[in-house]
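Please open the structure in a viewer and keep the sequence at hand.

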Amino acid sequence: MDYNKIAKDIIKNVGGESNITSAMHCATRLRLTLKNYDLIDEEKLTDIPEVKGVFKSGNQYQIILGSGLVNLVCDEVKKILGLEENDRTVESEEEGSIIQRGVKLLSDIFVPIIPAIVAGGLLMGIYNVLTAEGLFVAGKSVIDFLLTLHL
């Protein structure tokens with residue numbers, strides 16, 4: 001696979017070298033900060049076989065390449081543009097509207113505790129099934145019935 005060709009095709013279709021101010025990547029996406037987002041030829045960009053998708057998020061144009069491939073293509077983009085290996089764009093926490101920042105704050109709070117909420121709900125459901133009277137045995141809960149069997 002020719003990573004240099006992929007990088008050149010991407011650079012050409014986002015408006016050329018002079019339109020890119022920085023390049024970085026995450027696990028699956030090449031993240032470019034551009035001067036003019038109107039110069040992007042999204043149709044030709046998505047026609048590149050290795051490109052899985054594209055979208056704009058905040059002040060970055062993100063090109064989905066997939067894990068493993070993205071870091072190799074990003075290295076080639078940086079070589080072509082003459083960027084240092086550590087050049088990155090760091091999104092400011094203050095970017096986005098107040099609603100976007102509020103939603104991000106809530107998601108940062110609740111996403112880590114979702115497994116605990118799910119586990120609690122499952123345990124409550126099991127408890128309710130086991131203690132519900134008349135659900136499986138007339139007039140008794142499953143636990144009461146099992147206790148009478150062992151006595």
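**First stop: a bridge between strands**

Select Leu30 and then Ile63, its bridge partner in strand 4. The model is a predicted one, in which local features need pLDDT of at least 70 and side-chain atom pairs count only at pLDDT 80 or more, while totals for chains, interfaces and linings use all residues. Residues are numbered from 1 along each chain as its sequence is written, and side-chain values use heavy atoms, with hydrogens and water left out.

Now extend the selection to strand 2 (29–34) and strand 4 (60–64). These two strands run antiparallel and are joined by four bridges; strands are said to pair if DSSP finds at least two bridges between them. Helices (H or I, at least four residues) and strands (E, at least two) are DSSP runs, numbered from the N terminus.

**Strand 2 and its other partner**

Strand 1 pairs with strand 2 in the antiparallel sense over five bridges, and a hairpin of three residues connects the two. Within this pairing, select Met24, whose bridge partner in strand 2 is Arg31. Strand 2 is largely enclosed by the rest of the structure, because five of its six residues are buried. Buried means under 20% relative accessible area, exposed over 50%, and partly exposed in between (1.4 Å probe, protein chains only).

**The core**

Return to Leu30 and display its surroundings. Not counting residues up to four places away in sequence, Leu30 touches Ile10, Met24, His25, Tyr61, Gln62, Ile63, Leu65, Val70, Cys74 and Val77; contact means heavy atoms within 4.5 Å.

Leu30 also belongs to the largest nonpolar core, which has 24 residues; Ile10, Leu30, Leu32, Leu45, Ile63, Leu65 and Val77 touch the most other members. Helix 1, strand 1, strand 2, strand 4 and helix 3 each give two or more residues to this core, and helix 3 supplies the largest share, six residues. Such a core is a set of buried Ala, Val, Leu, Ile, Met, Phe, Trp, Tyr and Cys residues joined through side-chain atoms within 4.5 Å.

**Helix 1**

Select residues 3–13, which form helix 1; Ile6, Ala7, Ile10, Ile11 and Asn13 are its buried residues. At the N-terminal end, Asp2 caps the helix, with a side-chain oxygen 3.3 Å from the backbone nitrogen of Asn4. Just after helix 1, Gly15 takes a positive phi of about 110°.

**Helix 3**

Select Glu76 in helix 3. Glu76 is buried, with a relative accessible area of 15%. Its side chain and that of Asn4 are joined by a polar contact of 2.9 Å. A polar contact is a pair of N or O atoms within 3.5 Å; within protein, one must be able to donate a hydrogen and the other to accept it, and residues adjacent in sequence count only if both atoms are side-chain atoms.

Ile80 is partly exposed, at 23% relative accessible area. Ile80 and Ile11 lie 69 residues apart in sequence and 9.0 Å apart in space, C-alpha to C-alpha.

**The whole chain**

Finally, zoom out. The protein has six helices and four strands, running α-β-β-α-β-β-α-α-α-α from the N terminus on. Its C-alpha trace spans about 80 × 40 × 30 Å along the principal axes. Of its 151 residues, 27% count as buried.
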